[in-house]
Amino acid sequence: MTDTSKYEVLKLKNQLCFPLYAASREIIKQYRPYLDDLDLTYTQYIAMMVFWEEKKLSVKELGKKLFLDSGTLTPVLKSLESKGYVIRSRSKEDERVLDVQITEKGEALKEQAVSIPQSVAGCVKMDREEAM
């Protein structure tokens, strides 16, 4: 094996992760103008999507759903709480568990966000079947 071919695997063009990363960034960039109107980051938005569906869950459960650790979620949840969208509280059953519950204000935000998926879908040149 030549020295050149040995390192072929390290070329960016040969990485599966890079086009997925780039595509993800481009899709998230399409959300930015809509989320700016709501004063939400993308991570705050996907957290709110879970709360609109689940209403109340622990930080650990939220992390599992979003594939995020508590170190990433803590500032997101603090920000959402400061905006009045969620309330964080210790579980009555186990004080080590931090529960998070959507507020009425957070629930009301759903009405403003309902058009975002369709708006962003218009930016992606794929029909529904291809996207699925």
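Gln 44 is buried, as its relative accessible area is 6%; buried means under 20%, exposed over 50% and partly exposed in between, with a 1.4 Å probe and protein chains only. This is a predicted model, in which local features need pLDDT of at least 70 and side-chain atom pairs count only at pLDDT 80 or more, whereas totals for chains, interfaces and linings use all residues. Residues are numbered from 1 along each chain as its sequence is written, and side-chain values use heavy atoms, with hydrogens and water left out.

Gln 44 lies in helix 3, residues 42-54; helices are DSSP runs of H or I with at least four residues, strands are runs of E with at least two, and both are numbered from the N terminus. The side chain of Gln 44 comes to 2.9 Å from the backbone nitrogen of Thr 41. Leaving aside residues up to four places away in sequence, Gln 44 touches Asp 39, Val 76, Ser 79, Leu 80 and Lys 83, where contact means heavy atoms within 4.5 Å.

The buried residues of helix 5 are Leu 73, Val 76, Leu 77, Ser 79 and Leu 80. They cover an arc of only 160 degrees around the axis, and therefore lie on the same side of helix 5; the arc is taken from the directions from the helix axis to the C-beta atoms. Gly 71 and Ser 82, on the other side of helix 5, are exposed. The buried residues pack against helix 3, helix 4, strand 2 (86-90) and strand 3.

Which residues form one aromatic cluster? They are Tyr 31, Tyr 42 and Tyr 45. Rings of Phe, Tyr and Trp (its six-membered ring) pair if their centres lie within 6.5 Å; planes under 30 degrees apart count as stacked, over 60 as edge-to-face and the rest as tilted. The whole structure holds 4 aromatic pairs. In one of them, the ring centres of Tyr 31 and Tyr 45 are 5.7 Å apart and the planes stand at 50 degrees, so the pair is tilted. This pair links distant parts of the chain, with Tyr 31 in helix 2 and Tyr 45 in helix 3, 14 residues apart. Tyr 42 and Tyr 45 also form a tilted pair, at 6.3 Å centre to centre and 50 degrees between the planes. Tyr 42 is partly exposed at 28% relative accessibility, while Tyr 45 is buried at 2%.

Notes
A polar contact is a pair of N or O atoms within 3.5 Å; within protein, one must be able to donate a hydrogen and the other to accept it, and residues adjacent in sequence count only if both atoms are side-chain atoms.
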